[in-house]
Amino acid sequence: MIRLVEVSKAYPRTGLALDDVSVHVAKGEFVFLTGPSGSGKSTLLKLVFMEERPTAGEVRVSGVNSATLKRGDVARLRRKLGVVFQDFRLLDDRTAHANVAFALEVTGAPPTAIPAKVNRLLTQVGLASKAQAFPRELSGGEQQRVAIARALVNDPFVLIADEPTGNLDDRATRGVFQLLREINAAGTAVVMATHNLELIRRSDYRTLEMLHGRLVADTTDPSVAARAAARRAAHDAAARAGDAGASPAAPDDTPDLRLTAQ
Amino acid sequence: MKLALREVLLAVRRAPLLSALGVVTIAFSLFAFGLFGLAAINIRDALRRVEERVEIRAFVADATPVEAVATAMGDIGTFPEVAHVDYVSPDSALARARRELGEFADVFEAGVLPGSIDIRLKADARDPQSVKAVAARVGSYSFIDDVRYGEDWVTKLYQLRTIATIVGLVLGLAFATVAIIIIATTIRMAVLAREREISIMRLVGATDAFVRSPFLIEGFVKGVLGGFLALLLTWLASSLIDRALGFQTAFFAPGAAAMGVLAGALIGLAGSALSVGRHLRRV
């Protein structure tokens with residue numbers, strides 16, 4: 001689904017940002033990407049949604065290859081993946097509803113189908129009552145939820161989140177993270193860059209650690225797939241029980257994160 | 001298209017002052033070019049009126065049969081350079097001389113002045129070479145005694161016209177370049193003001209064409225509005241000049257005025273396309 005093969009990225013002025021990184025993210029996975037500032041997390045994510053191209057190596061995302069990428073491919077790829085950022089990147093002069101609808105409009109979706117889908121997404125992120133609010137009228141957590149709704153509106157196979165809780169207080173952080181877990185439990189892969197080790201420790205998701213542009217640790221565990229399947233099953237069961245909004249709790253026996261150098 | 005128009009309206013509503021500034025900047029850039037154009041067409045008209053006086057006068061020998069003169073006039077009328085041929089009889093020449101010389105009218109007596117064939121040339125054949133060539137051909141008729149066309153005057157007039165044309169072209173090009181640079185900069189400002197919006201559009205999967213279209217429409221509309229405003233300002237300036245001078249100067253023909261507005265629209269369109277294109281390559 002997402003595969004980086006011996007990828008390096010150098011910027012003309014700041015030099016090497018990624019150094020020979022190879023990684024694979026499978027369908028439906030939840031992956032944390034962590035590491036200090038400047039370690040290459042954002043660059044790696046930018047390579048995935050093709051805002052940047054590698055200096056060496058190949059990035060393959062859902063059949064799109066950075067080596068043979070054409071300009072039109074970028075727009076097509078971005079309709080298949082959702083991206084959220086620390087600074088939300090909402091259009092300030094549009095309501096929450098219009099911000100989410102915008103992502104559908106650019107794809108040429110039938111105008112009659114847009115309102116219902118947007119309402120469904122805003123309900124899913126818990127903002128149905130604030131559909132007509134402008135970003136300045138929303139809290140940080142709410143703005144991030146709008147951004148997540150916008151990222152999900154085209155039914156992406158993966159949600160890429162670059163420090164989505166970086167600007168949020170603890171309560172909002174927990175809420176947004178819970179939302180991301182639910183999204184993942186429903187089948188969408190999530191790649192989340194974060195500095196928040198507490199979040200990482202409290203969950204059992206695979207974690208990639210970056211340092212100086214290199215991938216220094218990957219907690220890939222054979223049981224990851226099994227746990228993801230269990231979470232999905234629990235989510236499905238909850239949905240069947242008419243309690244789709246409730247989220248399955250993380251297993252109690254979630255171990256503390258222990259990063260293992262590759 | 002509907003979406004693109006909505007985006008244009010949103011952009012105008014979001015930054016009405018910037019949009020108005022764009023239109024006014026385009027208008028004043030084109031207004032400066034329009035004033036130059038007015039000066040150019042008035043100088044051209046004045047020169048043309050002087051050039052219309054370029055005339056070849058071929059004096060006919062006494063006792064030349066009328067048929068021979070008529071045949072020659074027929075021939076001369078077919079020369080590609082010739083616009084009009086006229087025969088001035090000795091009596092008419094005398095009358096004209098008396099009329100032109102006023103108080104010295106009595107100097108001339110009947111039979112003093114010869115008859116002549118007066119030839120006017122087409123606008124594109126009034127350069128010294130063409131005038132000289134036609135004069136030489138006319139002079140080759142056996143019954144033509146002399147051919148006059150004011151060689152020095154024609155040469156100087158032609159030099160003046162050449163200088164006016166070159167200066168006009170250089171100044172026109174400079175004015176047009178300045179106008180294009182100012183307009184392109186104004187449009188670039190509008191694009192940069194929406195840099196964040198463009199990056200968000202790209203982020204959610206908008207194609208280049210989708211991102212570009214509102215800017216192209218906006219650039220085109222600003223260009224057309226700026227063009228019309230410039231035309232209005234130029235017309236007002238022309239009216240004020242007429243009032244100050246006390247006579248009517250030449251104004252742009254409807255076709256030229258329409259071309260001016262169209263030029264504004266095209267500069268707006270091209271400026272937008274270039275600015276957004278450059279920006280899109282970066283995001």
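Among contacts in chain B between residues at least 6 apart in sequence, 83% join residues at least 24 apart. Two residues are in contact if their C-beta atoms, placed from the backbone, lie within 7 Å. For chain A, the share of such contacts that join residues at least 24 apart is 70%. The model is predicted: local features need pLDDT of at least 70, side-chain atom pairs count only at pLDDT 80 or more, and totals for chains, interfaces and linings use all residues. Residues are numbered from 1 along each chain as its sequence is written, while chains are lettered from A and ligands numbered from 1 in the order in which they are written.

The mean pLDDT of chain B is 86, where pLDDT is the predictor's confidence in each residue, from 0 to 100. In chain B, 96% of the residues reach 70 or more. The complex receives an ipTM of 0.75 and a pTM of 0.69 from the predictor.

Chain B contains nine helices and four strands. Helices (H or I, at least four residues) and strands (E, at least two) are DSSP runs, numbered from the N terminus. Along the sequence, the pattern of chain B is α-α-β-α-β-α-β-α-β-α-α-α-α. Of the 283 residues in chain B, 26% are buried. A residue is buried if 20 or more other C-beta atoms lie within 10 Å of its own, exposed if 12 or fewer, and partly exposed in between; these C-beta atoms are placed from the backbone.

The four strands of chain B form an open sheet in the order β2-β3-β1-β4, with antiparallel pairing. Two strands pair if DSSP finds at least two bridges between them. At the edges are β2 (82-88) and β4 (144-148) of chain B, and each pairs on one side only. Neighbouring strands are turned by 20 degrees against each other on average, direction ignored. Helix α5 (residues 128-139) of chain B packs on the sheet. This helix touches β1, β2, β3 (116-121) and β4 of chain B, and its direction makes about 15 degrees with that of β1(B). Axes are lines fitted to C-alpha atoms, for helices over the stretch in contact, and angles run from 0 to 180 degrees between N-to-C directions.

Strand β1 (residues 55-60) of chain B is joined to β4(B) by four bridges, and the two run antiparallel. B:V60 has B:I144 as its bridge partner in β4(B). B:I144 is partly exposed because 19 other C-beta atoms lie within 10 Å. Leaving aside neighbours within four places in sequence, B:I144 is in contact with B:A58, B:F59, B:V60, B:V138 and B:G139. B:I144 and B:F59 are 85 residues apart along the chain, yet their C-alpha atoms are separated by 5.7 Å.

Two helices of chain B cross. The axes of α1(B) and α8(B) come within 8 Å and cross at roughly 65 degrees. The crossing is right-handed; this term applies if the near helix is turned clockwise from the far one by less than a right angle, and left-handed if anticlockwise. From α1(B), the contact uses B:A4, B:L5, B:E7, B:V8 and B:A11; from α8(B), B:S213, B:P214, B:I217 and B:E218. These residues divide into six nonpolar, one polar and two charged. Ala, Val, Leu, Ile, Met, Phe, Trp, Tyr, Cys and Pro count as nonpolar, Asp, Glu, Lys and Arg as charged, and the others, Gly among them, as polar.

Chain A has eight helices and ten strands. Of its 262 residues, 42% count as buried. Helix α3 (residues 96-105) of chain A is mostly covered, with eight of its ten residues buried. Among them are A:H97, A:N99 and A:F102. The buried residues of α3(A) pack against α4 (114-124) and α5 (140-152) of chain A. Elsewhere in chain A, four bridges join β9 (residues 206-211) to β10 (residues 214-218), and these strands run antiparallel. A:L208 stands opposite A:D218 in β10(A). The hairpin of β9(A) and β10(A) has two residues between the strands, and A:H212 takes a positive phi near 50 degrees.

At the interface, 13 residues of chain B are in contact with 15 residues of chain A. On the chain B side, α1 (2-14), α7 (195-203) and α8 (208-245) each supply at least two residues. The most come from α7(B), with four residues. The chain B side divides into eight nonpolar, two polar and three charged residues.
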